Amino acid sequence: MAELDGEERVLATAQHIVRSLGTTENMTDDMLNILSNFDDRFSGINTMLPKNQEPVSAEVVSTEVAEELNKALDAAEGVILEWETVISEATSGAAIFDSSSDDGAKYLGAVDEVQNALGLLSVSESNTTENRAQNVLQVAMARLQEEFRHLLATHSQSLDPEFLLDHFACSFNSYTGGADLESKSSLEVSMSSNHQEALEEVASQSSVEEEEDVPEAELQTDPIIDLIPPEVVKSLHEIAQRMVIAGYRRECCQVYGSLRKPVLEESLGGLGFEKLSIDEVQKTTWEVLEGRIKKWIQAMKAGVKILFASERQLCEDIFEESELVENCFAELSRAPFIQLMNFGEAIAISRRSPEKLFRLLDMYETLRDLLADISVIFSGESCAVVREEASGILLRLAEAARGTFTEFENAIAKDTSKVPVPGGAVHPLTRYVMNYVRFLFDYVDTLKHLFGENTDTRDGQGDDNTSPMHDGLSPFAVQTIAIMNVLQSNLDGKSKLYRDLALGYLFLMNNVRYIVQKVDGSEVQALLGDDWLRKHTRLIRRYATDYQRSAWTKILACLKDEGIRTSGSFSNGVSKAVLKERFKNFNAAFEDIHKAQSSWLVPDSQLRLELRISIAENLLPAYRSFLGRYRTFLESERHSEKYIKYTPEDLETYLNDLFEGRTASSQRWRSSSN
């Protein structure tokens with residue numbers, strides 16, 4: 001009988017009464033009509049009478065029915081009140097469902113009898129018996145409410161965070177944190193700072209493994225977990241069923257929500273998520289917020305996929321009725337989920353700065369990927385506010401990411417550091433920007449979508465409001481090129497900080513070389529195109545040529561014949577004074593260049609070698625030819641070594657000291673010239 005609904009119970013009781021009264025000779029059609037007219041549920045009772053049975057009077061039937069109902073009510077009341085006595089006299093907090101399963105079933109059976117009796121009493125209009133039954137039912141409902149509370153309190157425990165994360169990993173083959181949070185965090189330094197080594201380390205970490213999408217069919221473990229033991233869930237279900245039939249659905253739902261909500265919040269807290277107001281988030285430093293964002297992502301993924309999904313399943317197992325399931329689930333889950341969304345909103349509306357972009361994208365992708373699950377888990381009218389809040393926060397995160405990307409471009413333009421990088425090396429701004437751009441390609445599809453491109457291949461639907469292409473480039477490519485152009489413009493300005501024009505060109509050559517190296521063969525090249533790469537490769541050669549022209553034109557002029565010959569033949573028409581001055585000037589100029597440019601830096605070994613070879617190809621043949629033409633005019637002079645100090649081989653050796661960025665090479669120069 002415990003599995004029957006309210007109408008079925010009343011009908012079953014009526015059938016029992018009819019059968020028990022069917023052997024009398026005085027049953028009348030009047031009583032059958034009374035029972036049959038009860039909500040049309042007993043229309044078939046006449047068929048239950050034995051054939052040839054003679055009807056009896058209504059008065060006799062009424063008395064017989066009352067006696068049967070009172071017998072049933074006496075038995076049920078005895079069971080219900082007996083437990084009140086047992087529990088009141090117990091010293092250890094006895095409970096019906098803590099004892100044997102037979103006790104619980106017997107008690108629920110008694111409740112069913114009372115509810116069945118009430119259904120029939122409303123037909124027979126026995127007010128005294130009905131009042132008695134109502135009083136017994138109230139006692140029973142109060143007891144069942146306490147039993148419901150007791151079972152929930154006893155068996156509701158927060159989940160161990162390690163278990164949750166392991167279960168999530170087994171279910172989805174996925175890491176619960178943001179993509180490479182630790183390596184990206186080291187990139188986020190002030191763009192005007194000089195953390196070259198740290199940024200180089202970041203550059204070496206720029207290849208980040210992406211999470212693999214695992215089809216649902218390949219999941220190793222069911223993500224839904226038993227929050228309460230199944231046998232306890234069965235008891236809770238049976239209790240809830242009786243309370244709902246008796247009109248205690250609101251009380252049942254309140255008890256359920258009051259006990260399950262704190263457990264859910266504690267489980268979320270175990271994942272590291274802290275409840276913070278928007279004002280508290282705004283006042284927290286970004287360094288601290290980064291860690292909390294990682295915990296938020298963790299809580300969102302494991303929370304939605306496991307905690308909230310399992311809570312929804314538990315509601316369905318206990319309450320069954322869809323409206324009641326939705327109401328109870330909304331009661332316990334709405335506030336914890338809104339707390340998660342409040343954190344997302346606080347991050348989205350915080351002050352925009354470039355270092356926040358990766359975290360914003362991590363949060364956006366997390367919420368975007370969970371939106372379908374949220375729609376299913378938080379279905380129904382009662383949870384509409386949850387679905388709307390999630391969609392709204394996703395839009396705010398998208399807008400914040402777009403705005404932060406734009407702010408990144410502005411921050412590059414505003415970088416006004418006035419201290420030149422020693423030796424013309426790669427500027428920290430260049431390293432920062434290029435590593436930043438490389439990291440952006442971990443989110444390339446997301447960024448393309450945010451800038452209006454149709455990139456959604458997962459469900460075959462994209463954004464119809466796609467932005468127009470610009471010269472065959474996508475909107476995201478146009479935005480990336482704009483960043484590159486702003487960087488180039490900034491570097492042009494910084495090159496003018498060098499007093500030596502040649503060093504300024506070397507600085508530009510180094511920085512453009514670094515940019516090209518970062519782009520070449522990467523996803524950035526695929527976005528920007530081969531023409532962009534060829535253009536900037538030519539720019540490197542142009543800056544190298546400008547450097548050589550600026551640095552070596554003066555010294556090469558010392559090796560020209562103009563002004564050395566006076567008159568007559570070449571053999572006797574040479575001014576030794578002019579020749580000595582010419583050698584002296586060459587030596588001084590070369591020593592100055594060697595001293596200065598040995599401390600200059602070309603970090604790229606191949607470019608450094610190519611530059612030395614190019615210098616040697618211009619300098620050494622000219623010097624060798626000049627020395628061959630005029631050596632004999634000075635070799636007979638006293639102290640000729642003061643003028644002819646270097647052989648071509650010496651010059652070649654010293655050229656290998658250039659662009660090493662070391663001051664030690666100048667010490668060798670001084671010792672060799674003494």
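Helix H5 (residues 127-155) packs against helix H10 (residues 249-270) at an angle of about 20 degrees, with the axes 10 Å apart. That makes H5 roughly parallel to H10. This is a predicted model, in which local features need pLDDT of at least 70, side-chain atom pairs count only at pLDDT 80 or more, and totals for chains, interfaces and linings use all residues. Residues are numbered from 1 along each chain as its sequence is written, and side-chain values use heavy atoms, with hydrogens and water left out.

**Terms for the helix pairs**
- Helices are DSSP runs (H or I, at least four residues), numbered from the N terminus.
- Axes are lines fitted to C-alpha atoms over the stretch in contact, and angles run from 0 to 180 degrees between N-to-C directions.
- Angles under 35 degrees count as roughly parallel, over 145 as roughly antiparallel, 65 to 115 as roughly perpendicular, and the rest as oblique.

**H5 and H10**
- The crossing of H5 and H10 is right-handed (the near helix is turned clockwise from the far one by less than a right angle).
- H5 contributes Gln145, Phe148, Arg149, Leu152 and Ala153 to the contact (heavy atoms within 4.5 Å).
- H10 contributes Glu251, Cys252, Val255, Tyr256, Ser258, Leu259 and Arg260.
- The contact residues divide into seven nonpolar, two polar and three charged (Ala, Val, Leu, Ile, Met, Phe, Trp, Tyr, Cys and Pro are nonpolar; Asp, Glu, Lys and Arg are charged; the others, Gly among them, are polar).

**H16 and H18**
- Helix H16 (residues 428-440) and helix H18 (residues 475-495) pack at about 175 degrees, axes 11 Å apart.
- H16 and H18 are therefore roughly antiparallel.
- Leu429, Thr430, Val433, Met434 and Val437 of H16 meet Thr480, Ile483, Met484, Leu487, Asn490, Leu491 and Lys494 of H18.
- This contact has eight nonpolar, three polar and one charged residues.

**H19 and H23**
- The axes of helix H19 (residues 501-519) and helix H23 (residues 605-635) come within 11 Å and cross at roughly 140 degrees.
- H19 and H23 are therefore oblique to each other.
- Their crossing is right-handed.

**Nonpolar core**
- The largest nonpolar core has 182 residues (buried Ala, Val, Leu, Ile, Met, Phe, Trp, Tyr and Cys joined through side-chain atoms within 4.5 Å; buried means under 20% relative accessible area with a 1.4 Å probe, protein chains only).
- Phe148, Phe319, Phe337 and Trp552 touch the most other members.
- Helix H12 (residues 286-319) supplies the largest share of this core, 17 residues.
- Not counting residues up to four places away in sequence, Trp552 touches Tyr547, Phe590, Ile593, Gln597, Ile615, Leu619, Leu655 and Leu658.

Note on methods. Helix = DSSP H or I, 4+ residues; strand = E, 2+ residues; numbered from the N terminus. Buried < 20%, exposed > 50% of the residue type's maximum accessible area, 1.4 Å probe, protein only.
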